[in-house]
Structure formats: structure tokens, C-alpha cells
Amino acid sequence: MNAFAGFVRKEAFHILRDRQTFWILLLMPLVQVLIFGYAVRTDVRDVRIAIVDPTPSTATRALVQRFASSSRFQLMGVYPTMQSLDDGFRSGVLRQAVVLPRDADRLLRGQATLPIQLITDGADPNTGSVMQSYATAIIQRWHAESVVRAGSLRIDLATRMRYNPTLESVNLFVPGLIALVLTIVSAMMTAISITREKETGTMEMLLVSPLHPWAIVAGKVAPYVAMGFANVLLVLGAAWGVFGMPLRGSLVLLLAECLLYILNALALGIVISTSAQTQRTAMIAALAGLLLPTLMLSGFIFPLESLPTPLRLFTNIVPARWFLLIVRGIMVKGAGLATLWQETLILVGMTLALLVLGARRLAIRLD
Amino acid sequence: MSAFAIETHGLTRRFGEFVAVRDLTFHVAQGEVFGFLGANGAGKTTAMRMLIGLLEPSDGSAQVAGYDIATDSEAVRRNIGYMSQKFSLYDDLTVQENITLYGGIYGLSNAQIAERTHALLGRIGLEHARKELVRRIPLGWKQQLALSVALLHEPKIVFLDEPTGGVDPITRRRFWELIYETAAAGTTVLVTTHYLDEAEYCDRLSIMVEGAIAAMGTPGEVKREFGVTSLDELFLQLTRPGAA
Amino acid sequence: MDVAAPPAVDVRAFTRRFGDVTAVDSLTFDVRPGELFGFIGPDGAGKTTLFRTLVTLLVPDAGSVRVLGYDVVTDLWTLRSRVGYMPGRFSLYPDLSALENLRFFASVFGTSVEEGMSIIEPIWRQLAPFADRRAGALSGGMKQKLALCCALVHAPEILFLDEPTTGVDAVSRREFWDLLDRLRDGGLTIVVSTPYMDEASRCDRVALMQQGRILLVDTPAAIRAAYPRPLFAVQAPDRLGILAVLRRFPHAAAVWPFGDVLHYTDARAGMDDGAIIDEVRAFVQANGVPSPGISAIPAGIEDAFMWHMAAGTAGEQVG
């Protein structure tokens with residue numbers, strides 16, 4: 001226990017005295033929240049939109065009028081059929097289209113639902129998502145007014161993304177960001193700090209001590225748990241304070257799941273450090289082996305459904321993928337452990353497997 | 001142009017409050033083997049870095065190979081060679097690749113490189129190992145090769161920073177014979193070492209203590225001046241005044 | 001020193017390879033309890049591989065290696081709490097202060113600075129003024145002493161020091177050996193390696209190592225006395241000139257510069273010193289070099305090392 005405390009103190013000194021790295025690790029998450037937050041908030045103006053209205057009526061003309069008068073949209077035309085839409089999208093003349101059903105007027109007056117289709121160019125996911133929400137808002141306002149006049153009616157708005165059909169919602173970058181930050185702080189920094197001891201030769205002194213290598217590693221990674229946790233709080237705090245990120249589920253559960261993911265990342269870092277001999281190797285391994293999958297194959301940037309099958313299967317072993325599901329579930333849907341137990345169990349299993357792997361590969365000697 | 005290979009006047013370097021090198025005034029003649037001694041932290045490395053143009057002096061001036069180190073550091077670097085025990089050759093390149101790389105850095109033509117490679121490898125008897133990775137050749141050869149490579153562009157002065165650390169006594173002596181040959185050919189040699197018996201091989205030497213030169217002259221002169229029989233004794237007397 | 005006691009280190013036919021390189025080749029030696037035992041040899045002699053094996057960090061490919069009666073492979077955990085080890089390059093944390101380094105290593109070895117103070121006090125006393133300075137900013141000599149404190153703080157029964165004096169100036173080296181003397185006088189067994197030949201005389205016994213093999217193991221005095229040929233110091237103003245001439249002398253076995261003189265070894269054993277001096281002087285003068293000062297001298301460790309090294313590589317030609 002004495003040795004453990006000694007390790008924690010020493011690692012804390014390392015972290016606190018390397019000022020540059022310390023501030024980078026602390027500020028990076030904040031900066032990323034701001035960058036991501038403002039990147040997706042980029043205002044969209046003059047979206048070139050077309051409306052397909054097979055049976056024009058007073059009600060549908062009111063909708064057309066709303067789009068025509070909005071500064072966010074530039075109405076390119078009202079067509080009776082969808083025929084010209086494909087060409088419009090392909091050539092880039094159109095970026096969005098609203099497709100009204102036949103006999104919309106009659107449907108509005110009757111008791112049936114009103115099926116409206118909203119097509120958006122999703123080539124640039126962020127813009128696409130913003131365009132979609134603006135168009136939706138206009139349609140909903142229009143509908144609300146129509147309903148007031150015409151009695152109780154329901155609207156069935158089917159939105160469809162072209163080229164990138166399952167686009168993330170604006171609020172969803174935060175879970176991915178937490179995964180990314182924890183991968184850097186917990187996995188990469190752990191791997192680097194262990195290999196640094198190998199490089200400078202201090203690992204030799206530690207190995208010759210009566211401490212089991214497990215005690216050495218536990219002592220070394222403990223401060224990084226705290227560092228990772230501080231980062232989680234920072235990201236959540238910034239997302240909540242600056243962007244009003246919702247938290248529908250339990251905060252305690254969310255933090256507990258983050259802790260689980262921190263342990264998972266630490267275990268990955270340990271596994272990397274058991275084979276890497278230099279800080280440089282550890283860094284490259286962490287970047288290529290952990291950071292890229294966390295970015296690309298977790299559903300953070302590319303929707304899993306759009307990946308080719310082999311890659312999609314591979315995402316099953318990317319811990320961030322499960323972590324993202326969990327955090328999105330808690331934050332956006334307010335899900336509890338009752339619905340998330342499977343994902344949690346997978347993460348627990350992965351963490352245990354990595355720890356066992358790390359333990360088996362942890363050398364008690366130099367060779 | 002200075003008549004000396006190295007000539008310094010009041011060379012001083014401060015790091016904040018700390019004076020690493022204090023008022024260094026000395027000169028080294030062309031073709032001399034000059035020993036640059038001192039305890040760890042006495043300021044040798046700082047002084048050497050100023051002389052090779054890597055560090056600007058806070059005060060004073062120095063001419064190296066006829067160029068001012070403060071205003072003409074590029075010319076200084078073109079005219080000197082540098083070899084240290086630790087960072088000289090690339091372990092993962094072959095002997096030939098190291099020579100070619102170094103020749104290229106100093107702007108030698110391919111013909112010059114080819115010609116000098118041949119002469120150099122012949123002189124140290126390493127012709128057969130031309131295509132070997134440097135990491136695979138024995139330490140003794142590696143050091144001779146490192147010196148030869150530092151001499152490839154025919155510098156006027158070569159700086160050797162602890163060139164013989166950890167080498168066996170025979171190889172160490174062979175290396176010194178190479179140093180003598182270099183000096184005999186007209187190249188000035190400035191060398192640091194922790195082996196005080198090696199200091200005896202120098203034409204002249206200086207011993208730095210706390211940033212300043214405490215003794216300078218031929219080995220015989222400094223021993224006479226301080227009334228000691230060996231440089232070992234002198235070193236002890238100068239660096240630990242109370243201990244002797 | 002108790003010669004009858006079981007050896008503190010007992011190594012039999014120990015061999016270790018890395019790929020196709022044999023780093024240590026069938027070493028056999030022992031170290032007695034309370035002895036200050038030195039391994040003298042250049043880089044690449046296999047000293048570090050040997051030391052790492054002795055402190056349980058490497059496993060032998062062949063042979064047996066026992067320390068304090070324990071096998072370094074099977075009794076790993078028993079041994080680790082009993083040995084002190086100072087690896088090459090000192091292995092300290094440069095961003096921690098001297099005291100923080102010491103505290104940390106004390107905690108790793110399950111003790112505290114206070115408990116270990118009785119052992120390290122003579123060394124720590126010299127470091128105490130710099131206790132709060134970062135280890136990275138200490139001078140080479142101070143780093144070395146701090147590393148020694150860190151290796152000693154848990155009161156080991158045997159101390160292994162791998163090149164503790166490399167890269168340290170001559171005076172700091174001398175002070176360091178004075179410290180080792182005191183530790184040895186306190187009853188500690190010390191095994192140390194060094195590339196500096198002049199440090200051999202500070203050991204009770206030394207092993208001369210070269211390319212993974214032991215050339216010779218004995219007391220420094222016995223090694224010097226066993227130099228097999230007459231040895232002379234030759235003093236002349238033109239050292240280079242006389243070196244070249246002497247090497248052409250038909251009876252020269254070895255001629256090497258040694259500080260401000262040359263050491264000349266005659267190939268003829270059992271011949272009168274005076275006769276050799278006269279012959280050498282005549283030969284030198286005949287080759288146009290002014291008469292040098294020549295005197296018969298006892299051999300040093302470095303002479304012996306060079307002799308055995310040359311004999312080892314050139315076989316019968318020199319020996």
C-alpha cells in the first residue's frame with residue numbers, strides 16, 4: 001500500500017511537472033467541444049430547395065409561401081412530379097426537396113395522417129443535418145397553423161437523407177468526443193508513461209524490486225484514471241454549459257459507464273506498452289490502433305450502417321462503438337441499465353479480457 | 001584572418017543568473033592537439049557549443065577557423081568537423097550510406113565522395129565493411145569511422161567530444177594514433193576526455209573549473225606549475241581544493 | 001573476508017545469446033561474501049548482460065547462476081528483496097527532486113527513507129544540500145551518489161553496480177570508490193563493473209572481461225605480478241617517432257603510449273633488464289632517435305589487460 005501511494009505521488013509529479021503536456025491534456029477536450037460544437041452550428045443560408053406538389057391547394061401554397069419568404073431557403077421551383085429531382089440533386093442545383101402527397105388538401109381536411117417526404121443532400125453531414133432541422137421546423141409551424149384551422153390532424157413527416165442516410169443528430173458529437181479524449185488520455189498516455197520507464201532504464205530498477213509488475217502498473221495508471229475522469233467532467237460540463245447538451249438519463253450511471261470505459265482504455269494502453277519498447281512505438285501504436293478506430297469505426301464520424309460489411313463486423317471489437325451506444329442511450333434517450341446492460345456487459349468483458357491479456361504479457365524480466 | 005585555429009577573448013555565457021562559462025581567453029594553433037578538460041558541469045560542453053556555433057556567447061568574442069562565431073556561425077560550421085561518442089553515425093545506415101549522407105550535407109560532389117570514401121576506408125582498413133550496417137561493426141571501428149567521417153569535408157578543425165568512452169585500451173590507443181595522424185596532416189584537434197592519461201597525449205591542454213580556465217599549457221608545464229607529478233593529482237587539486 | 005563461507009555469487013558455465021550474438025560465453029567465477037569484486041572490460045564485453053542476469057532480469061541460456069545461494073531463475077522473488085542494483089545510466093527520474101527519487105524508491109522496496117537512513121547516511125550527507133533539486137539538474141557525480149542511495153535504501157545483502165562511474169569525472173570517480181570502500185568495510189558484498197582500468201586496484205579481486213569471456217580472475221596485485229614479460233617505461237620528447245621505431249625492434253612484444261611515456265614489453269622472458277635497456281637504446285639511436293630515458297617498471301592492470309587481450313585475439317603470436 002505504501003508502494004502504491006509512492007507510485008501515485010510520483011506519477012502525479014510527472015504529470016504536473018510536464019506543464020506543456022498537462023495543459024494540452026486538460027485543455028484539449030474543452031477546445032474540441034468548442035470546435036465540434038461550433039462546427040455543427042454553422043449557420044446555413046439560401047438552401048436551394050424544390051417543392052413537389054402534385055395537387056396544389058390553398059394549404060400547400062401557404063407552405064410554398066413560407067419557404068419562399070424564408071431567408072434560409074431559396075425556392076428553385078414547385079413541380080408536379082419528382083421526376084426532375086434526381087438531376088437537380090446530382091448537378092448540385094438542388095440541396096433539398098419537400099415532397100407533398102397527392103391530395104394534400106383533402107388529407108388535411110380529413111382525419112388521415114399527412115405523409116410528407118423531406119429529402120436532403122447529406123454529402124456534408126453537418127450542413128445536411130442543419131438544413132433538415134430548419135425545413136422540419138417550417139413544415140411543423142405550417143402544419144400547426146393548418147391544424148388549428150382544420151381541426152385535430154396528425155402529420156407524418158418522413159425525412160430521408162440522400163447519400164448519408166443515417167446522419168447523426170447535432171447533439172451526438174459529445175459521446176464520441178468523450179471516447180476520443182479518453183483514448184488519448186488513458187490509453188495513449190498510459191502506454192507512453194510505461195514505455196518511458198523502459199527507455200530511461202528506470203523500469204530495470206522497478207523490476208528488480210520485490211513488487212510484482214502488476215503492482216507497478218496499477219500504481220502507474222491510477223493517476224491517469226483521475227485525469228481521464230477530470231476530462232469526462234470537463235467535456236460534459238462544457239457541452240452542458242455552452243451548448244445545452246441534454247442529459248435525460250442518470251448522471252451517476254453515465255459517470256460509472258465513463259469509468260468503465262477509462263479502465264478499458266487503460267487496459268488497452270497496458271497491452272500496447274507490453275510490446276512497445278519505445279515511447280515512439282507506443283505513440284504510433286496508440287494512434288493507429290486506437291485513435292483511428294475510435295474516430296472512424298465507432299459510429300462517431302461515419303454511421304456504422306454505411307460501412308462495408310467486413311469493417312462493420314470489425315466495429316464489434318472496437319470498445320468505443322459500445323461506449324457510444326451506451327452514452328447516447330443515457331444522454332439522448334434517457335435509457336437506464338435495464339436497456340443498456342448488454343452493451344455494458346460487452347465493455348466489461350472486453351476490459352477483463354484486455355486486463356488478462358496484459359497480465360499474461362507483462363514481463364517479470366527484461367526478456 | 002586569425003593566425004590561430006581557435007582564438008577567444010573573454011568568452012562568457014550566462015543562463016539567467018548562472019554563469020556557465022566565464023571570461024574564457026585562449027588560443028589553439030593550427031595542427032595542435034588541444035585537450036579540453038574539466039569536471040562534469042565545469043562548462044566544457046557550453047564552451048564547446050559556443051565554439052561550434054550552436055550557442056551564442058553572452059559576452060566576449062571568438063574566432064574559429066578564421067570566422068567570428070557570433071556573426072559568421074555558418075562559415076564556422078562549414079569549416080569544422082564534430083564527433084561525439086553518442087551522436088555521430090546512423091546505426092541503421094550502412095557505412096557507405098553514412099559517408100554519402102555526410103558528404104552530401106557538406107556539399108561534396110559524387111566524384112569527391114567516391115574518391116574520399118575509398119581513401120578513408122583504406123586508411124582505417126574498413127574497405128570490406130562498406131555495405132555493413134553501422135550497428136553491426138565493432139565499437140572500435142565505429143569510432144574510427146566516426147572520426148574519419150567528421151573529417152570527410154576536410155575541415156580546418158575537428159572537435160571530439162569524449163571520443164573514447166567505454167573503449168578497450170588497445171582500441172583507445174589506436175584511436176589516438178589516428179588523432180596524431182590527423183594533426184600531423186594539419187587539422188587542428190580539440191578533444192575532451194575523462195581519461196587523464198589521454199590528456200598527456202595532447203600538445204597542450206586546459207582544465208576548466210566552475211566555468212573558467214584554471215590551468216593551461218603543455219602537460220609538462222601545468223604539472224611543473226602546480227608542483228604535481230601527474231595530471232590526475234593536478235585534476236584533484238583543482239576541482240576539489242579541500243580534498244587533496 | 002570469510003573464504004570458507006558459501007560464495008555470495010556462484011556462476012558456472014553461464015552462457016547467454018541474443019540472436020546470433022553470444023553476449024556472455026561460458027563464464028565461471030564466484031564472489032565471496034564481503035568481497036568488493038570488479039568486472040573490468042570495455043563496452044560490449046558482456047558486463048551488462050552478466051549483471052542483468054545476476055539481478056534476475058535475464059535468464060541464462062546455459063549454466064547456473066546463483067546469488068546468495070538462490071537460483072536467479074527459480075528463486076526470483078526471494079532474491080529481489082535482497083539485492084541492490086544500480087543499472088548503467090543511473091536510472092533516476094529527472095523531473096523528480098533528489099529526495100522525491102529517494103522516497104519513491106524506498107516505497108517501492110517496502111521501506112522508508114527514515115528506516116534506510118542508517119545505511120545511506122554517509123552518502124546522503126553529501127547530497128542533503130541538493131535534496132530539493134531536480135535529479136536532472138544534478139551533476140554527474142551527484143546523480144551517481146543519488147542512484148547509489150536509491151539502490152541501498154532497503155539494506156540489501158549484496159549490491160550490484162553496473163558501470164557506476166562511466167561518464168563521471170576523475171575526481172567524482174575517486175570519491176565514489178571511497179564510498180564503496182566504506183560500504184565494503186561495513187560488511188556488504190559489492191559487485192561492480194567498469195571500463196576504467198585504473199579502478200581495478202580499488203577492488204579485492206577483479207575479472208578482466210573481453211567479448212563475453214573472462215580473460216583472468218585474481219587480486220589486482222597477483223594480476224600485475226603475473227605479467228609474463230619484462231616491461232619498461234620509455235620517455236622521449238618525440239613520442240610518435242620513437243613509437244614507430246620501437247615497433248620495428250625485432251624483440252618488441254608490445255609498444256603502447258601510456259600517458260607521457262611509452263610502455264615497451266620485450267618478447268624475451270627471463271632476460272636481464274639492464275641488457276634489454278642497452279639493446280633497446282642502441283637500436284633506437286641507430287634509427288636516428290636521440291637516446292630515450294628507459295627504466296624497468298612493474299606492470300599495471302591496463303598492461304595486463306592489453307597483454308591478455310592481444311594474446312586472446314592473436315593466440316600464440318604474442319603469448
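**Figure 1. Contacts among the chains of the predicted model.** Of the 2 pairs of chains in contact, chains A and C share the most contacts. Chain A and chain B are joined by no contact, and their closest C-alpha atoms are 15 Å apart.

**Figure 2. The interface between chain C and chain A.** Here 26 residues of chain C are in contact with 24 residues of chain A. On the side of chain C that touches chain A, two or more residues come from each of helix 2 (76-80), strand 6 (83-86) and helix 3 (98-108) of chain C. Helix 3 of chain C gives the largest share of this side, 6 residues. Classified by residue type, the side of chain C that touches chain A holds 15 nonpolar, 5 polar and 6 charged residues.

**Figure 3. The interface between chain B and chain C.** In this view, 24 residues of chain B are in contact with 28 residues of chain C. Helix 6 (169-184), helix 7 (196-199) and helix 9 (231-239) of chain B each provide at least two residues to the side of chain B that touches chain C. The largest share, 5 residues, is supplied by helix 6 of chain B. The side of chain B that touches chain C comprises 12 nonpolar, 6 polar and 6 charged residues.

**Figure 4. The open sheet of chain C.** Six strands of chain C are arranged in the order 6-7-8-3-9-10, with mixed pairing. Strand 6 and strand 10 (213-218) of chain C each have a single partner strand and stand at the edges, so one side of each lacks a neighbour in the sheet. From one strand to the next, the twist averages 15°.

Figure 5. Helix 1 (residues 44-51) of chain B is mostly covered, with 6 of its 8 residues buried. The buried residues are Lys44(B), Thr46(B), Ala47(B), Met48(B), Met50(B) and Leu51(B). After helix 1 of chain B comes Gly53(B), which has a positive phi near 80°.

**Figure 6. Domains of chains A and C.** Chain A is assigned domain 1 (2-39 + 170-361) and domain 2 (47-162), with 43 Å between the domain centres, taken over C-alpha atoms. Chain C is assigned domain 1 (9-223) and domain 2 (228-297); the centres of these domains, likewise taken over C-alpha atoms, are separated by 39 Å.

**Figure 7. Confidence along chain A.** The pLDDT of chain A averages 83, and 89% of the residues score at least 70. Among the elements of chain A, the mean pLDDT is lowest in strand 5 (residues 155-162), at 58, and highest in helix 10 (residues 251-275), at 93. Residues 162-170 of chain A have pLDDT below 50, and this stretch has 25 contacts in the model beyond near neighbours in sequence. Where pLDDT is low, the predicted coordinates should not be read in detail.

Conventions:
Residues are numbered from 1 along each chain as its sequence is written. Chains are lettered from A and ligands numbered from 1 in the order in which they are written. This is a predicted model: local features need pLDDT of at least 70, side-chain atom pairs count only at pLDDT 80 or more; totals for chains, interfaces and linings use all residues. Two residues are in contact if their C-beta atoms, placed from the backbone, lie within 7 Å. Helices (H or I, at least four residues) and strands (E, at least two) are DSSP runs, numbered from the N terminus. Ala, Val, Leu, Ile, Met, Phe, Trp, Tyr, Cys and Pro count as nonpolar, Asp, Glu, Lys and Arg as charged, and the others, Gly among them, as polar. Domain bounds come from an automatic or database domain assignment. A residue is buried if 20 or more other C-beta atoms lie within 10 Å of its own, exposed if 12 or fewer, and partly exposed in between; C-beta atoms are placed from the backbone. pLDDT is the predictor's confidence in each residue, from 0 to 100. Two strands pair if DSSP finds at least two bridges between them. Axes are lines fitted to C-alpha atoms, for helices over the stretch in contact, and angles run from 0 to 180 degrees between N-to-C directions.
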